[in-house]
Amino acid sequence: MDIHYTPEELAFRDEVREFLKNELPEDIAAKVKNGKNMSKEDHQRWQKILSNRGWYAPGWPVEHGGTTWGPVEKHIFDEESAAFGAPRTIPFGVNMVAPVIIKFGTEQQKEHYLPRILSGEDWWCQGYSEPGAGSDLASLKTRAVRDGDHYIVNGQKTWTTLGQHANWIFCLVRTDPEAQQQRGISFLLIDMATPGITVRPIITLDGDHEVNEVFFDDVKVPVENLVGEENKGWTCAKYLLTHERTGLAGIGASKAALTHLKKVAAKQQKNGKPLIEDTLFRTQVAEVEIQLMAAEMSTLRIIAAALEGGVPGAESSILKVKGTEIRQAITNLLRKAVGPYALPFLPEELEYDFDGEMLNSESSPALAGDYFNMRKLSIFGGSNEIQKNIVSKMILEL
């Protein structure tokens with residue numbers, strides 16, 4: 001196993017850096033680096049730039065608009081994008097439903113949906129979690145009853161990220177209530193403009209509208225919107241979640257956040273000296289950095305295995321647990337670094353065009369919000385407790 005970059009991979013890294021330097025809009029990068037509010041239009045503008053370069057869907061087969069990148073190139077691109085302040089790719093279309101459609105969908109579904117995802121014409125959201133079915137996803141209760149050429153869907157989804165922007169949602173629904181939990185589930189694609197769908201906002205601890213509740217009341221969905229076989233949607237769900245959890249490690253984002261932490265700590269004073277020189281605080285930063293380096297090495301090992309034909313397995317659960325814990329620890333240290341200034345802020349300070357007097361500094365307004373928001377990382381994508389159960393069973397064989 002060789003975890004060092006080859007000359008070709010180093011040349012690719014230089015190409016990515018040059019692209020980001022020349023093409024990433026300054027206002028978007030400034031919003032990302034300073035925790036300012038990002039609009040739907042900001043994300044769409046960056047998506048269009050990536051699409052024009054042919055880099056928006058690196059995980060797709062070339063024939064569908066993807067790249068020839070392997071896992072190493074994908075890792076390099078993600079890391080450099082985070083370092084330059086590029087916004088994260090909204091994953092629900094390009095990285096979640098699209099791979100499922102490519103693997104399990106019909107040719108008609110591929111021809112219809114994939115180009116619309118690439119162009120940005122469709123914005124997708126995920127309909128998995130329910131009030132009584134989160135990490136225990138197989139206990140979901142949203143029903144889809146076959147009625148001629150349609151399914152009639154009734155139920156509720158929750159924690160639907162950016163559902164207020166979406167015009168399509170992919171859903172797990174129960175089509176056979178008599179079957180064992182996983183065996184009676186199907187994977188449906190649903191137009192959000194269909195009568196009977198209601199989206200209600202959920203305001204989170206940081207005061208933001210990021211997630212939603214979605215209600216389905218006698219929603220008619222064409223049968224051709226079924227992906228894969230009826231009652232076998234759990235296969236699609238497992239395929240999607242394995243890839244989702246590998247990406248949740250967020251190595252690139254954590255490295256960028258760690259760099260930001262060091263800059264903030266260098267500016268903050270404690271007893272007349274930069275905070276970064278304080279022995280206790282410096283030790284805490286070092287501990288997080290060591291854990292991040294270990295997580296990165298584990299990621300590179302999995303990448304090396306993938307190059308030899310392996311696929312992410314229970315190792316993705318380890319990355320999900322450690323990666324999310326690291327990101328939470330960094331936001332906690334950032335909050336500590338500015339002390340009480342992390343709490344009070346004017347909401348307008350989070351807007352890019354704010355030109356008033358800051359209560360503290362450019363870096364402080366978003367820190368408390370980020371700290372609260374990052375609590376979600378150890379819950380979504382399968383809670384860390386569930387991931388530890390997977391590791392104990394699949395790797396430790398306990």
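**Briefing: cores and surface of a predicted model**

I395 counts as partly exposed because its relative accessibility is 38%, where buried means under 20% relative accessible area, exposed over 50%, and partly exposed in between (1.4 Å probe, protein chains only). This is a predicted model, in which local features need pLDDT of at least 70 and side-chain atom pairs count only at pLDDT 80 or more, while totals for chains, interfaces and linings use all residues. Residues are numbered from 1 along each chain as its sequence is written, and side-chain values use heavy atoms, with hydrogens and water left out.

**Overall make-up**
- The protein chain has 12 helices and 10 strands, taken as DSSP runs (helices H or I, at least four residues; strands E, at least two) numbered from the N terminus.
- Of its 398 residues, 45% count as buried.

**Nonpolar cores**
- The largest nonpolar core has 71 residues, and F170, F187, L189 and I190 have the most contacts inside it.
- Such a core is a set of buried Ala, Val, Leu, Ile, Met, Phe, Trp, Tyr and Cys residues joined through side-chain atoms within 4.5 Å.
- Helix α5 (residues 91-104) gives the largest share of this core, eight residues.
- Another core, of 23 residues, lies apart from it and includes V264, F281, A295 and V338.

**Contacts**
- Leaving aside neighbours within four places in sequence, the residues in contact with I190 (heavy atoms within 4.5 Å) include V153, W168, F216 and V221.
- Among contacts between residues at least 6 apart in sequence, 72% join residues at least 24 apart.

**Position of I395**
- I395 lies in the segment after α12 (384-394).
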